[in-house]
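This report looks at a structure made of protein chains and a ligand. Please read it with the sequence and the model side by side.

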Amino acid sequence: MIGFIVRRIVQAIVVMLVVALISFTMFRFVGDPVNQMVGVETTPAERAALRDDLGLNDPVPVQFWRFVSDAAQGDFGVSYQFKRPVAELLAARMPATLELSFVSALFALLIGIPMGVYTGLKRDHWLSKLFLSVSLIGISLPTFLIGILLIFVFAVNLQWLPSFGRGQVVDLGFWTTGLLTVSGLKALILPSITLGLFQMTLIMRLVRAEMLEVLRSDYIRFARARGLRDRTINFGHALKNTLVPVITITGLQLGSVIAFAIITETVFQWPGMGLLFLQAVQNVDIPIMAAYLLMIAFLFVVINLLVDLLYVVVDPRIRLTGPAA
Amino acid sequence: MEAGPVLSVRDLTVEFPTRRGTLTAIDGISFDIAPGEVLGVVGESGAGKSLTGTSIIGLLDPPGRIAGGEIHLEGRRIDNLPADAMRTIRGRRIGTVFQDPLTSLNPLYTIGRQLTETIRTHLGLGRRAARDKAIALLTEVGIPAADKRLNAYPHQFSGGMRQRVVIALALAADPVLVVADEPTTALDVSVQAQIINILKRMCREHGASVMLITHDMGVIAETADRVAVMYAGRIAEIGPVSDVVKRPRHPYTVGLMGAIPRREGGERRLRQIPGAMPRLDAIPPGCAFNPRCPEAFARCRLTRPGPMEVDASHVACWLYDPDATPTPDFPPSEDDEGDTETEWQTYTPPPDPDPQHAFTASGEALVEGPGRAFDLPQSDWRKVTRP
Ligand code: SF4
């Protein structure tokens, strides 16, 4: 069990180092950082001094090591466009993205799982068929289109909900949250649905498929033969067995929800990291791009680790025998 | 109801509607199980053994459905009960043991939880009492240190141990009948006998009758009191196990007994019945066994034989028709034993059989009253009295 966790953490560190190498390479070889930082009138001598100052003349492994250890301490350098530490910029934007992502994921889970269970249990009910048809739309429409449609209906026509921004936010010092004000909550609704719709339909279909599979299994038949109540069988025995794959997918999807928040943030002008990243791309602001890449990789890795640990909680076969290494 | 049968199945017919028409998987079978009796049900796969069991516990998978007949448990009709009433019979009055113990238990719950939930559902005991009962049951099926094993998960048990747990689960609420569907087929040969013994002992001690479904004639011979031989959704022969095994009457049973390997002069011999059981959509008219039957005669292809009483057995074969004379000398008696290659030939009917004629096994025509021999009602399992 401990060995399992240690092994996963080591794997996570290796992944992070590889991503760091990619970020670093981008830093070092996409454009010349000195060119980005100086004006046209800077003399070659000044350039050389700056180059030396930045450590760009050191051997590459030394530079990489410096990059990694700085990053580990939260130092990603200074943004070219804003002339401010990247860490500070990201930290200011992170709450917006994370709140949006988690609310979307929550929406996807809270709606997707019950819908999946329902469509799995009542396969032939018209409501199930409706859910399935609607879910096809969720899967096939691109995110930005859904966002624009929602804005058109609920913000422009009905004027119920705001079409952009976070609304009023409360500053908790280390975190700014939109969850505590009415306008903040209202502003969250459309972007969360936009971002979470795809995941919701995915989870619904997954839960449905798993339910159908599990309901056919011998232990469910045997549970019926034992005369257990339907409720116990469906929600105790069957649902729990569908959870392992659902946890995997949800975990993996949470990573991509955060990563793909870029599009939703653009549509809703949501002041998150995605928007910051897009601006950085337009302005070749490499420190921000590199830091964003690292951050997303870090989130993915952490989420995967949590997913693995959750498995262990749900499935005694892993808990008690240890996974096949 | 003290003397009545625990289970009584009458003219049970199970159908599967398919796109190409309705398949009759079980075709009008009838049998009883007496209190404390072990009824073995044998047959090839696809003969309808398992479906019979599934129909009795009311768990036929749709689109399969009971299309006719009745099932009575302790005198009460159960085949037409609403789902909820049937649920309280399953587990409470009828216990079930499935084939594969590796997949019968939910992998995510402890043995103890699965036992106590069953006990509490049916007996309404409190947590502690249910736990005590679970420990008692596990001890009864021979699981050592039962109180500690309650917290174990199924994957921590071997196949044999899991089947013991399944047996404990089946008997948790002291049912009157246990339907055991191939309880040892998935197990290692070395533990099969043990599991059968435990099943038998548990059922005896808890006063449950057993319907033991298997394709293993050896298990039946050792365990059952009576045996029903099924072929193509019908019962070919049913009777006391000693009769059916030692003196099989129905040609199919004779072939089946020949198919059990047995030691003869230090040599294992296996006789096979040529051909295969017909598919459900291609069951021949008349006797379902007629294309493979070495004794078949014209009547077999025209009319389906009902159960004929022969000693303590009932045999669905025209050879035993009490109205046809003379009673044929079948099956071959002991002196044929040395003959390794029993000739199983397909009987070729005489050209253009006159419908007014029936044929005996030897092929001689019997002239009957108009249509008399053909008019035995199909699937009539009630006694055919000798004239
Ligand atoms: S003799 Fe006729 S009735 Fe008897 S088993 Fe053979 S085919 Fe069927």
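The model is predicted, local features need pLDDT of at least 70, side-chain atom pairs count only at pLDDT 80 or more, and totals for chains, interfaces and linings use all residues. Residues are numbered from 1 along each chain as its sequence is written, chains are lettered from A and ligands numbered from 1 in the order in which they are written, and side-chain values use heavy atoms, with hydrogens and water left out.

## Around the ligand

The ligand is surrounded by 13 residues, each with a heavy atom within 4 Å of it. The closest are Cys287(B), Cys293(B), Cys300(B), Cys317(B) and Trp318(B).

Cys287(B) is buried at a relative accessible area of 12%, and Cys300(B) is buried at 7%; buried means under 20% relative accessible area (1.4 Å probe, protein chains only).

## Between chain B and chain A

In chain B, 28 residues are in contact with 23 residues of chain A, where contact means heavy atoms within 4.5 Å.

Two salt bridges are counted between chain B and chain A; each needs a side-chain nitrogen of Lys or Arg within 4 Å of a carboxyl oxygen of Asp or Glu. A salt bridge joins the side chains of Asp61(B) and Arg221(A), at 3.3 Å from N to O.

Terms used
Buried means under 20% relative accessible area, exposed over 50%, partly exposed in between (1.4 Å probe, protein chains only).
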